[in-house]
Structures are given as structure tokens and as C-alpha cells.
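I opened my notebook to look up a few things in this model. My entries follow in the order I made them.

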Amino acid sequence: MKKNILDKEKMQKIVSFCKRKWIIFPASEIYWGFANTYTYWPYGVEIKNNIKNFWWKNFVQARRDIVWIDSPILLNPKTWEASGHATWFNDALTDCRDCKSRFRADHLIENQLEWVDPEGLPFEEMTKIIHKNSLKCEKCWSENLTDVRKFSWMFEMEMWKIWESEKIFLRPETAQWIFLEFKNVLDNTRQNFPFWIAQIWKSFRNEITPWNFTFRLLEFEQMEIEYFIEEKNWEEIFEKWQNDMKNFCKNIWLSEKNFRFFEHSKEKLSHYSKRTVDIEYNFPFWGFKELTWLAYRTDFDLSQHDKFSGQELKFRNSQTNEKFIPHVIEPSFGLDRAVLAVICEAYFEKEDWSVIFKLDPKIAPVKCAILPLIKKFTPKAEEIFDMLKMDFACELDEKWSIWRRYARQDEIWTPFCVTVDFDTLGEWDEPNDAYFGTVTVRNRDNWEQVRIKIKDLKGFLVDKIK
Ligand code: ATP
């Protein structure tokens, strides 16, 4: 059983750091915020894009058996009947009658009762547990909680036709669209079987539990693959994917001690899954919680869409002429949770200057800061900025002392600082010819400084970062 008690103080530190360092801000702040929505600021955008690009390079660009597409958010509402979301994508909620806060009943029970596992319990049972154990509102600590009711995780919208409206939904997962496109890919590309379809884009869920920072958002990005396979191969492919997902986590510098696999028990699997394994990350404010997931979805989704659409969603083996509905392995990465895990991993509280900051250079928001030692050297620094700007995210920083600027860059994990100094421009009374046209490059990880010719700088950074 998983228990996740939130340490609000630790979370507050990360939240304030993200604000102070232009990474993530609460959204709609001028209207006192809007729960479970956040805005990525410049460094946050860079970190997010870097993780996204790395995922894309690894799982899409590096493969030949893959098709990638960018889908609409709104799908034909029949999709959600076929997929089962209209029936199953519900949860149990309870309201506080005093302060009007709303909670997921399973989260409340999980947080306040060590010995109960609420997953899959009927609503009446959860109501009994809440009242019998005098569970409390987690905002005002009142025990005045309502009975448990059903609510849908999907956002409903109305689309107006000429005389009437139709109920449509914001998609709660990216996967369904991929299933709708399966036939098109089969008919219109020359993909050999088995193949994958990948996409990165937004999903939307009616999340009501607050105080989860970017872990539980109303809208979040998923990096998702559906791997269409023959049933007989699923176990081998599942194992391989577990390994690939683990390597991905290691390659964005999540340390192995901080993540683990969590196997869903057979009784608690989703209606479409025969096996599901999460990778959980040890978030400093909760302990281990779901970061990514890997599911064997069987042929459930394609069979349902085959039935509901009346279109045949079968693959025909050209050698044996055998036709079958493919089975599916789904590795799904939550991009926002990956960003949060990377930030938690890289965040160190400084006690003295000996702290070394830790963020993979390929994920760091700024790769290279260019620091003119004095204002007079800014034009040269600008030249260097222009030389590097199309290849690397750079920053030209000329405000405050050089030590404060180093510290500022260290805090946002910039791997290299380039200093334009007196030697660069031969500004000493007795210039050192060997140093003319060179800069110092300081490495964040060991604070070593080397002198490099400006013309060799780009090559040096390519070598170290890419
Ligand atoms: P949880 O149990 O934590 O609510 P889930 O099992 O419902 O998550 P999945 O349906 O497995 O989530 O979604 C796949 C991935 O999408 C998750 O591993 C997670 O990284 C991400 N994800 C899901 N819901 C959210 C959300 N509300 N905000 C941010 N990321 C999310």
C-alpha cells in the first residue's frame, strides 16, 4: 500500500525557489490564483523543452519503426463511450461543509488512516470510513464532511450545432487519439509491423485535490507511445520497456536511489490493463509517488473502437494472411512531473560555497553565461553571445560583481560561465600575447577554469554539452 503524507514546509521551499528563480509561477495570480494551474517562466520553459526534446530524440528520432503525429484535443465524443472513460473515469469526492473545500475521498483516507487502502472501495464503504474515523478537512480541520459522491474526471463542454448542443469532452489522456488514428497509419504509411505511434501533447483532468504544486494539474503534458504488437510477445516487450524507461530516468540525472518500480496488484488494475508498473520518484515532500507508467493495454482499446465505429481495426499478416487486432504496450511519461522531479533532484540548500549543483547540462535552462568582467568589455561579450546564440541557450549578464553573477548562474545550474577579462582584449599595460583573444571558461561542477580561444569556444561547448 502507498502512503503519501505531504510535508508542506519542504514543498514550500521548492515552490518559493521556483518562483524566485523564474521557473514556475502560480497562474492567474492577479485574481488570487486558480487551483492546480501553473505558468512556466523562462527557465521552466527551457527545462521542460529540454526534457521533451531529449525524450523525442531517444524514442522518436532514433527509431525507424515509429510514426509521430500531433492530434486535436477535441475528439468525437463517441471515443469516450468506446474507451470506457464515460463510465469508468470517475472518482469519489467529499466536501467540507464549513470551508467548502473539496477532496478526493481516497486521498483523504490514504493521508489520514495508515492502515486502510482505499483503492477500489465502494462509495458507501468510503463514507462509513470517513465518518466512523472522524476524518478531517485538510484545510480547516472540521469533521463536517459530506457523504462520498461520484464526480467525473473529464471536463465537459458544450458544442453548439444549428439548433442544439452536443456534449463534448476535453481529452483526459492522449492515448485514445492514437487508437483512432491506427487504421490511417496502417493504410497510409509503409510501416512494418510491429510499430509505434508517439505524441507529446496536453491532457485535461478535473483534479480537485489542491496543494500538489505541478504534480496534479488541471492540464498537463504527456509524452506517450502506443506500441502495437502481437499478443504472444507482450511480456518480453514489457520487460524491455521497463528497462528503457529506467534508463531514460537515469539519463535525465534522476539518481537510482530516488526512483523505484511499483507493480499494480491484479485486483486494482484499470479496466483495460493486464499489467501496469509505475516508476515512482521519491519527491522530497511526499516520498515515492507516480512519475511515469507502463501498461499492457491488451487489445481492449482497438477492439472497442472496432466495435463502436464499425471499421475493421485489424492487421493482416501478408505472409500467413492471418488477421488480428494488435495488442498494445503503453509507456506514458508525464512531462510536468518529470520537470518537477528533475528540479527536486537538482535542488540543494546551500550551507557554504562548497555545494555543487547538479543538473544534467543537456537539461540546464542556460548552457552558457557570458560575463564581461567590467562594463567596458560588454561589446566583446555581445560578439560572443551572437556567435553562440543559435546553438545554445546563452545569457549575457553584466550586473553586479563577478562573484554574484557566478552565484546566480550556479543557482540555475548553468554548466559553463565564460568571462571576458583584461587578457581577452589585451588591456594590461603589458599584455600577455598568449591570452589575447581568449576567455576563461568556468565549469560549474568542479569550479575549474580554463583559458580558451574565442574561436574554439563553440566546439568546446558542443563537446561538453551535446
Ligand atoms: P495519479 O494516480 O497520480 O492521479 P494516474 O495514474 O491517474 O496518476 P495516468 O493516467 O497513469 O495517471 O497518466 C499517465 C501519466 O500522466 C502519469 O504517470 C503522470 O506522470 C501524468 N499525470 C497524470 N495526471 C496528471 C496530473 N493531473 N497532473 C500532472 N501530470 C499528470
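**Entry 1: a helix and its surroundings**

I call a residue buried when its relative accessible area is under 20%. I keep in mind that the model is predicted.

With that cut-off I looked up helix H12 (402-411). Which residues of H12 are buried? I noted Ile402, Arg405, Tyr406, Ala407, Gln409, Asp410 and Glu411. Seven of the ten residues of H12 are buried, so the helix is largely enclosed by the rest of the structure.

Next I asked what the buried residues of H12 pack against. I found H1 and a set of strands: S17 (368-372), S18 (394-396), S19, S20 (438-443) and S21 (449-453).

I also checked the backbone just after H12. There Trp413 takes a positive phi of about 65°.

**Entry 2: Thr414**

I moved on to Thr414. It sits in the loop between H12 and strand S19 (416-420). Is Thr414 buried or exposed? I put it down as buried, because its relative accessibility is 1%.

I then looked for its neighbours. Leaving out residues up to four places away in sequence, Thr414 touches Val366, Lys367, Cys368, Ala369, Gln409 and Arg444. With Gln409 there is also a polar contact between side chains, at 2.6 Å.

**Entry 3: two domains**

I looked up the domain assignment. It gives domain 1 (2-75 + 169-201 + 213-344) and domain 2 (368-465). Nine residues from domain 1 and seven residues from domain 2 take part in the contact. The centres of the two domains, taken over C-alpha atoms, are 39 Å apart.

How much area is buried between domain 1 and domain 2? I wrote down about 620 Å², with carbon and sulfur atoms giving 61% of it. On the domain 1 side, Phe17, Lys21 and Tyr43 supply 61% of the area buried against domain 2, more than any other three residues.

I counted two salt bridges across this interface. I also counted three residue pairs in polar contact between the domains. Helix H1 (8-20) and helix H2 (42-61) each supply at least two residues of the domain 1 side. H2 gives the most, with three residues. By class, that side has six nonpolar, no polar and three charged residues.

I looked up one more pair here. Glu411 and Arg20 meet in a salt bridge through their side chains, at 3.4 Å from N to O.

**Entry 4: salt bridges elsewhere**

How many salt bridges does the structure hold? My note says 38.

Asp65 pairs with Arg63, with the closest N and O atoms 2.8 Å apart. Asp65 is buried at 17% relative accessible area. Arg63 is partly exposed at 27%.

Asp91 pairs with Arg104, and here the closest N and O atoms are 3.2 Å apart. Asp91 lies in strand S4 (residues 90-95) and Arg104 in strand S5 (residues 102-104), so the pair ties together parts 13 residues apart in sequence. Both Asp91 and Arg104 are buried.

Arg149 and Asp95 meet at 2.4 Å, N to O. This pair links distant parts of the chain, 54 residues apart: Arg149 is in strand S6 (residues 149-152) and Asp95 in strand S4. Arg149 is partly exposed at 39% relative accessible area, whereas Asp95 is buried at 12%.

Salt bridges with shared partners join Asp91, Arg104, Asp106, Glu207 and Arg216.

Key: Residues are numbered from 1 along each chain as its sequence is written. This is a predicted model: local features need pLDDT of at least 70, side-chain atom pairs count only at pLDDT 80 or more; totals for chains, interfaces and linings use all residues. Side-chain values use heavy atoms; hydrogens and water are left out. Helices (H or I, at least four residues) and strands (E, at least two) are DSSP runs, numbered from the N terminus. Buried means under 20% relative accessible area, exposed over 50%, partly exposed in between (1.4 Å probe, protein chains only). A polar contact is a pair of N or O atoms within 3.5 Å; within protein, one must be able to donate a hydrogen and the other to accept it, and residues adjacent in sequence count only if both atoms are side-chain atoms. Contact means heavy atoms within 4.5 Å. Domain bounds come from an automatic or database domain assignment. Buried area is the accessible area (1.4 Å probe) that two parts lose on being put together, summed over both. A salt bridge is a side-chain nitrogen of Lys or Arg within 4 Å of a carboxyl oxygen of Asp or Glu. Ala, Val, Leu, Ile, Met, Phe, Trp, Tyr, Cys and Pro count as nonpolar, Asp, Glu, Lys and Arg as charged, and the others, Gly among them, as polar.
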